[in-house]
Amino acid sequence: MKPDKNQIWNQVLGSVKVSVSSAVFSTWICKTHLVSLKKKGGDRYIAEIGCLSSFVKATIESRYFGLIQDSLTSALGFPCDLVFVIKQPESSLNTNTQAQTPLFEVEMDNTYFVERLNQSRIRPSQVFENYAVSSSNQMAWAACDAVSKNPGSSYNPLFIWGGVGVGKTHLMNAVGYSVLKKNMDFKVLLCTGEDFTNDIVMGIRNKTTQNVREKYRKLKCLFVDDIQFIAGKDAAQEEFFHTFNAVTGAGGQVILTSDKPPHQLMGIEERLRSRFEAGLIVDVGNPDFELRCAITSIKAQEKGLDLEMNYVSLISGNLDSPRKIEGFLIKLSSELKFRQVEISEEFVSNLLGKEKLDVNGKRRIPTPEAIIDAVSSHFSVNKKALMGPARARMVARPRQILMYLLRSELHMPYADVGGLIGGRDHSTVMHAVTTITKLSSLDSKLREDILGIKSAL
Amino acid sequence: MKVEILQEDFSGALNLTSRFVSTRAALPVLSNILLEAKKGKLSILATNLEASICKNIGAKILQEGEISVNAKVIFEIIANLSHGSVLIESEKEGVKIFSEGFSGRVSGLSSSEFPVVPRELSKNAFELDIETLLNSLSKIIFATSKDETRPILTGVLFIFEKGVLSLVSSDGFRLSRISFKDSKLNLTKRITIPRSVLSEIIRIKDETGHKIYLDFKEEENQALFSFSDSVIASRVIEGDFPNFEKIIPKSIATKVYVDRETFVRAIKLASAFARDSANIIKITVNENNVEISSQSAKSGEQKTKMDARVEGVGLTISYNYRFLEEFLGICESEEVEIGLNDSASPGVFRDSKNPDFLHLIMPVKI
């Protein structure tokens, strides 16, 4: 257990008080506090003691060092070293709230900031503060964080790619917000690939291409969402190429998002692709369960819903994308409001059940035959070979996956699974199921295979 | 220690240093000053544990040494001696004082008990013009807060940036800022220094030279000032000064130019009734004049109309008259410029001839 700082220090002060005169104590010692107490290898502690001014520090250091060290050592039960610093106790810095300062409570020029956000098309709701980070998006988040601190110099361009609803736009938006917050007069623009194309088209139509160039090329930060939309549009690509060069050439920052990595983007000119590849390319993966939990609780808080942890995990366990979670939470809060009921597990799962029906229509239970078909077609392995005795790896692994699926999807007994697949022993099935379960947490290829088969069902 | 010194010098120095002695010290040594005779000069040191002073005066050192004695006692004696030479000699735990027809002994304490007081600045010290600094300080120091619950506002914020020093003070109701250029300044720093020390420095002003030297000891959290044989050290107030740049209005809807003396008189008149009603006076801006009115339920009401040059729309705004009075007190030019936006946002007050000075006052909401 970590010793409590204040308690320890009170103990020290108490024992020092006995050894010195009360005037000395009240002048020098009683106003000190323990700033930090750290363990420094072995059983030795290092204590940082805060004094109000350098006069106090100098006197205590030269005259009462030994006394304090002895008292602290006996209070802790371990030897310790002392370091003196000049620092106000935190409590005295936090009493600000009582003083009235109407001058600083005037609306902090919010209107201008909001106006700038609007001009830059940055949404004030998507910021770093409400972005949850886990292993699937950590790299992208770290890159964006670095860019927001140092736009134009850290990673330029920054290319973020990933599936729908994984938080690419949120990240990009958050960079824009924090850049603008630091300097409201920074020229920032967030647009989609489509906006850009439309602007070019309008420019050509109205003979105002020059204005369009002015708008984009003088930017300090250009963020383009869904850059894949300019694929196959030659004029837009050409214009974007020059815009890109102008912005980065002037030390500006470019961030792009896309649903695919640059080398998979079809219909993008080679010179543009190579520019995309010159910066940092990061991907944002689908959120895992823990991240979804974090997202659920952040979003619930934003909506003023006070969700307990069990509801959070119930919701995130059943819905796999943040957008679905968002939609569900809206529904949940409005249902709660309309019906005037207390939240309960039953209520939530009821609503979740409806959700499933709403999204997928009917929930089907696949037959064993369907699963066998799906596995055989996915791996292009003959059904006969799957059922047969061959134990070559290219047959054996699909067979194990098949057993795993039969077991996990249909909850068939081990013996029945074995019987279905060429009369195998139940222990063979058990082995297959545990192998695949273990592997699926390690092997992403395997996970993809299983997902592919499941979606084919 | 044995020193021969002129009464005039010694008395002046004691007067100065005794202001840095704590008035209610629990420890006897803290109500003392330290006399230190060394290398041809006499240093007088004092501290109240927040700030300290080290004042050097020329003296004939017959024997080096040091002793601490009660500040009040020695000052009272020296101040009342006749002009001319005074001989001071330490003897055990005390000093003997001899002057023409006078001899006395003041008991003291060993110098080892005395706190460590900075005696000189480091190499990093830089200089400023003392006239400019102290004049600027005296223009804004009145706006500091006296409320200890928000320590950061009890000091003056020094902002060094791009060769400009800006001084900012605020008590949460009003804010003063004054800036001046000094091409030799090349540091970038924000530091808040307690009002008490700065007002002492302003008071010492008369006996100073041309330059003041500043030095900051980051680790000790200390700011040092040095001028005319004195070194003054002060603690620096920790914490962040509120973000005042944001509250300075970027645009102004109504600008009013009024004659300062007329304005002062109008406020004096209004204060007669405003005192009974929370110091509130009402200012109504019309097309080409300004009306100042106040009323008291008990004693009556008044209205003063004064000519003014008005640019922009008319409006009505209420202020605490004391804030206006204090601002006008430090104005020097004949005309005062007032910039207003609406009755709920702070007004910008300027002294027409001094564009580097800015004063914001928060109106009273009714």
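pLDDT is the predictor's confidence in each residue, from 0 to 100. This is a predicted model: local features need pLDDT of at least 70, side-chain atom pairs count only at pLDDT 80 or more, and totals for chains, interfaces and linings use all residues. Residues are numbered from 1 along each chain as its sequence is written, while chains are lettered from A and ligands numbered from 1 in the order in which they are written.

**Confidence in chain A**

- Chain A has a mean pLDDT of 83, and 93% of its residues reach 70 or more.
- Helices (H or I, at least four residues) and strands (E, at least two) are DSSP runs, numbered from the N terminus.
- Over residues 356-362 of chain A, pLDDT stays under 50. For that stretch the model has two contacts beyond four places in sequence. Two residues are in contact if their C-beta atoms, placed from the backbone, lie within 7 Å.
- Where pLDDT is low, the predicted coordinates should not be read in detail.

**A parallel sheet in chain A**

- Five strands of chain A form an open sheet in the order 5-6-7-4-8, with parallel pairing. Two strands pair if DSSP finds at least two bridges between them.
- Strand 5 (188-192) and strand 8 (280-284) of chain A stand at the edges with a single partner strand each, so one side of each has no neighbour in the sheet.
- From one strand to the next, the twist averages 15°. Axes are lines fitted to C-alpha atoms, for helices over the stretch in contact, and angles run from 0 to 180 degrees between N-to-C directions.
- Four bridges link strand 4 (residues 158-162) and strand 7 (residues 253-258) of chain A in the parallel sense.
- A:Leu256, in strand 7 of chain A, is the bridge partner of A:Phe159.

**An antiparallel sheet in chain B**

- Chain B has six helices and 26 strands.
- Four of its strands form an open sheet in the order 21-20-19-23, with antiparallel pairing.
- Strand 21 (300-307) and strand 23 (315-320) of chain B are the edge strands, and each pairs on one side only.
- The twist here averages 20° from one strand to the next.
- Strand 19 (residues 280-285) and strand 20 (residues 289-296) of chain B run antiparallel, joined by four bridges. B:Thr284 has B:Glu291 as its bridge partner in strand 20 of chain B.
- Helix 5 of chain B packs on the sheet and touches strand 19, strand 20 and strand 21 of chain B. Its direction makes about 170° with that of strand 21 of chain B.
- Helix 6 (residues 321-330) of chain B lies across strand 19 and strand 23 of chain B, at about 85° to strand 23 of chain B.

**Burial and cores**

- Chain B has 366 residues, and 40% of them count as buried. A residue is buried if 20 or more other C-beta atoms lie within 10 Å of its own, exposed if 12 or fewer, and partly exposed in between; C-beta atoms are placed from the backbone.
- The largest nonpolar core has 117 residues, and B:Val156 and B:Tyr319 have the most contacts inside it. Such a core is a set of buried Ala, Val, Leu, Ile, Met, Phe, Trp, Tyr and Cys residues joined through C-beta atoms within 7 Å.
- Helix 5 (residues 260-274) of chain B gives this core its largest share, six residues.
- A second, separate core of 57 residues includes A:Ile227, A:Phe240, A:Leu256 and A:Leu329.

**Where the chains meet**

- 31 residues of chain B are in contact with 26 residues of chain A.
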